[in-house]
Amino acid sequence: MQLELRHLEAVCRIAEAGSLGRAAARLGVSQPALSAQLRRIERVAGGELFVRGRHGVDPTPLGEFVLSKARRVLGEMDALAAGARAVAPHPTLRLGCILLVLVDRLIGRLDQELTGQEIAVSVEHSVTALTRLLGAGQYDAIVYGEVAEHEVPLPDGVVARTLIPKEPFCVRLSAAHPLAARDRIGLAELADETWMTLVEDDDGGPEALVEACLRAGFTPHLRHRIADRKMHYDLIAAGRAISLSQPTAPGAEGTVLRPLTGDPVTGRIRLAWNRSAVSVPRAALLYRAAALAYLDNVPNNAFHRTWWEARPELHPDLTAP
């Protein structure tokens with residue numbers, strides 16, 4: 001076997017994440033698959049690249065050497081992509097997003113707001129991946145979320161603007177659940193439930209959920225991580241799990257969305273773009289398109305529409321340049 005770029009990326013992700021589990025989630029693979037891949041990489045490299053420590057995995061001396069070379073190679077590839085992008089005629093505007101509810105409406109809104117502009121939209125499951133690709137010039141702009149007090153570090157040369165400064169996460173549970181008839185649910189009432197873990201684990205979401213549950217007097221049982229929406233909803237409809245959800249999420253057969261008393265977990269949505277790739281007028285149109293896509297989904301749930309309409313200070317400014 002010869003080392004490929006994807007192998008170098010895997011080694012770097014393991015080092016950045018500090019554990020195989022977190023690295024696997026960010027790479028979109030299972031932990032056993034990543035462990036097997038690491039063993040193959042180590043055979044080619046000639047020895048162990050990581051050792052398990054008290055707080056995860058740490059690179060060995062050989063691992064440090066491989067990491068230094070891998071980062072250099074990946075940096076050169078990023079520079080190659082960015083350079084090719086800079087000289088390409090009439091480039092496509094490339095937008096990266098995490099799996100936010102607004103993405104479903106975003107493409108249509110982009111077509112309306114940026115008429116004549118060719119646009120490519122990609123969805124990632126990691127904010128870390130989004131920001132790295134933005135910094136490398138492989139995305140021109142990104143739409144992402146931050147949960148609670150978490151702030152996503154951004155690369156140099158990037159401008160960010162907040163689309164939605166606050167939204168309260170709600171809970172999705174089976175329509176047959178004993179609490180489904182309630183208008184609002186206290187977090188402590190969900191102490192015995194199995195929780196679906198969030199697909200994105202580097203936006204502050206998992207930590208915010210655990211902290212909120214601890215304040216409510218329990219430690220959540222986090223079990224499933226499923227990115228496919230239908231599978232996610234089917235598992236909840238069967239009563240096998242519950243999950244946090246954006247309050248703008250649409251309904252799904254066999255499930256209900258309910259607000260949590262006191263809004264114990266909140267998030268925000270932001271837009272960031274490379275100054276060298278997106279002009280100020282284009283950025284304003286991107287902001288408007290994303291904001292309108294969010295607003296399109298506010299009526300999905302009456303409880304959130306009421307919450308939203310009572311807080312005009314949170315509404316996006318659709319008139320500002």
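Trainee: Leaving aside neighbours within four places in sequence, which residues are in contact with Ser 19?

Mentor: First, the basis: this is a predicted model, where local features need pLDDT of at least 70, side-chain atom pairs count only at pLDDT 80 or more, and totals for chains, interfaces and linings use all residues. Residues are numbered from 1 along each chain as its sequence is written, and side-chain values use heavy atoms, with hydrogens and water left out. Contact means heavy atoms within 4.5 Å. With neighbours within four places in sequence set aside, Ser 19 touches Ile 14 and Val 57.

Trainee: Is Ser 19 buried or exposed?

Mentor: Ser 19 sits in the loop between helix 1 (5-17) and helix 2 (20-27). Helices (H or I, at least four residues) and strands (E, at least two) are DSSP runs, numbered from the N terminus. Buried means under 20% relative accessible area, exposed over 50%, and partly exposed in between, with a 1.4 Å probe and protein chains only. Ser 19 has a relative accessible area of 15%, so the residue is buried.

Trainee: What is the relative accessible area of Leu 5?

Mentor: Leu 5 belongs to helix 1. Leaving aside neighbours within four places in sequence, Leu 5 is in contact with Val 73, Leu 74 and Met 77. Leu 5 counts as partly exposed, because its relative accessible area is 39%.

Trainee: In what order do the five strands of the open sheet stand?

Mentor: Two strands pair if DSSP finds at least two bridges between them. In this sheet the pairing is mixed, and the order is 4-3-5-12-6.

Trainee: Which residue in strand 4 stands opposite Leu 95?

Mentor: Strand 3 (residues 93-97) and strand 4 run parallel, joined by five bridges. Opposite Leu 95 stands Val 121.

Trainee: What angle does helix 9 make with strand 6?

Mentor: Axes are lines fitted to C-alpha atoms, for helices over the stretch in contact, and angles run from 0 to 180 degrees between N-to-C directions. Helix 9 (residues 280-297) lies across strand 3, strand 5, strand 6 and strand 12. Its angle to strand 6 is about 15°.

Trainee: How many aromatic pairs does a search of the whole structure find?

Mentor: Rings of Phe, Tyr and Trp (its six-membered ring) pair if their centres lie within 6.5 Å; planes under 30 degrees apart count as stacked, over 60 as edge-to-face and the rest as tilted. The rings of Tyr 294 and Trp 308 have centres 5.5 Å apart and planes at 50°, so they form a tilted pair. Tyr 294 is in helix 9 and Trp 308 in helix 10 (residues 302-309), 14 residues apart. The count for the whole structure is one.

Trainee: Which strands stand at the edges of the three-strand sheet?

Mentor: That open sheet has the order 10-7-11, with antiparallel pairing. Each edge strand has a single partner, so one side is left without a neighbour in the sheet; the edges are strand 10 (243-245) and strand 11 (255-259).

Trainee: At what angle does helix 8 run to strand 7?

Mentor: Strand 7 (residues 170-174) is joined to strand 10 by three bridges. Helix 8 (residues 229-237) lies across strand 7, strand 10 and strand 11. To strand 7, helix 8 runs at about 65°.
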